[in-house]
Amino acid sequence: MGKTLNELDKEDAIAALAWTNMWEIYPDIRAIVYKYDPEKRDVFVRWYMDREPTPDDIDNLGAANTEFVGGYCNGLIILHFDEECVYSAKPLDKLDMLDGIVYARKEYNSENIKFPFPSNSNKPKFEFSNIRRYIFYVMTYAFLGEIYPEIRAIVYKYDSVRKHFILRYYLDREPIEQDFLNAQRVMSKFTSYAGEAHVTSSEVECVYSNEFIGKLDLMDGHLYGRWESRI
């Protein structure tokens with residue numbers, strides 16, 4: 001018998017939701033929020049758009065969450081799943097975040113918004129028993145309000161012996177100083193949660209590439225991928 005949402009680690013569910021939506025993100029999406037009821041085993045996902053939603057938006061949202069239900073939450077019993085795309089011109093920090101947020105694009109002053117961390121704790125655990133999951137989970141929070149259209153993909157490399165972390169942005173143009181500043185801000189958020197016990201040094205890279213995303217060097221793993229017609 002599969003696990004219920006009460007039995008499933010909440011961080012696993014959030015990471016799975018963020019992961020399956022990651023490859024469907026495009027510039028018109030402002031934020032992705034969720035709500036779930038562990039007693040009724042209901043999950044609800046909302047995309048906030050910067051324009052009125054189209055049938056293609058609904059299809060893209062459905063494709064992402066079909067993977068969440070059917071592929072990335074093996075053993076998780078979901079009795080009801082619902083989703084919607086809505087248009088809103090409200091500032092990001094005025095949107096209804098429901099139970100939590102897994103994505104927010106970069107907008108005016110968004111780096112100063114105190115987004116709610118998608119966990120009951122103020123600081124996520126950094127466990128080596130499943131380090132890739134926690135890297136992705138913490139980075140999901142670090143990316144809130146930091147993703148902009150010129151970023152094609154974000155990947156990382158982690159040396160557990162040297163405790164050294166590399167964050168790389170793939171861009172659709174030559175990098176500028178602001179790209180490095182943005183990447184460094186994200187890296188600072190991540191290292192503040194990981195702590196010196198796990199990350200003693202880090203670096204950021206910003207690289208221009210017009211290669212298909214599927215052919216990029218993903219290093220140890222990918223953390224974000226912009227939707228493109230051919231991945």
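R152 sits in strand 5 (residues 151–159). This is a predicted model, in which local features need pLDDT of at least 70 and side-chain atom pairs count only at pLDDT 80 or more, while totals for chains, interfaces and linings use all residues. Residues are numbered from 1 along each chain as its sequence is written, and side-chain values use heavy atoms, with hydrogens and water left out.

The chain has four helices and eight strands. Helices (H or I, at least four residues) and strands (E, at least two) are DSSP runs, numbered from the N terminus. Read from the N terminus, their order is α-β-β-α-β-β-α-β-β-α-β-β. Of the 231 residues, 50% count as buried; buried means under 20% relative accessible area, exposed means over 50%, and partly exposed lies in between (1.4 Å probe, protein chains only). Contact means heavy atoms within 4.5 Å. Among contacts between residues at least 6 apart in sequence, 70% join residues at least 24 apart.

| Residue | Relative accessible area | Class |
|---|---|---|
| R152 | 5% | buried |
| Y170 | 4% | buried |
| S209 | 12% | buried |
| H222 | 18% | buried |

R152 counts as buried because its relative accessibility is 5%, under the cut-off of 20%. Leaving aside neighbours within four places in sequence, R152 is in contact with residues including Y170, L171, D172, S209, Y224 and E228.

Y170 belongs to strand 6 (residues 164–171). Outside the four places on either side in sequence, Y170 touches E150, I151, R152, A153, V155, V207, S209, L216 and D217. A polar atom of the Y170 side chain lies 2.8 Å from the backbone oxygen of D217. A polar contact is a pair of N or O atoms within 3.5 Å; within protein, one must be able to donate a hydrogen and the other to accept it, and residues adjacent in sequence count only if both atoms are side-chain atoms. Y170 and Y208 are 38 residues apart in sequence, and their C-alpha atoms are 5.7 Å apart in space.

S209 lies in the loop between strand 7 (201–208) and strand 8. Not counting residues up to four places away in sequence, S209 touches R152, Y170, L171 and L216. The side chain of S209 also reaches the backbone nitrogen of E211, at 3.2 Å.

H222 is part of strand 8 (residues 221–225). Beyond four places in sequence, H222 touches W19, M22, W23, F136, I154 and V155.

How do two of the helices pack, and at what angle? Helix 3 (residues 131–142) and helix 4 (residues 177–194) pack at an angle of about 130 degrees, with their axes 9 Å apart. Helix 3 is therefore oblique to helix 4. Axes are lines fitted to C-alpha atoms, for helices over the stretch in contact, and angles run from 0 to 180 degrees between N-to-C directions. Angles under 35 degrees count as roughly parallel, over 145 as roughly antiparallel, 65 to 115 as roughly perpendicular and the rest as oblique.

In this pair, I135, V138, M139, Y141 and A142 of helix 3 meet V186, K189, F190 and Y193 of helix 4. The residues of this contact divide into eight nonpolar, no polar and one charged. Ala, Val, Leu, Ile, Met, Phe, Trp, Tyr, Cys and Pro count as nonpolar, Asp, Glu, Lys and Arg as charged, and the others, Gly among them, as polar.
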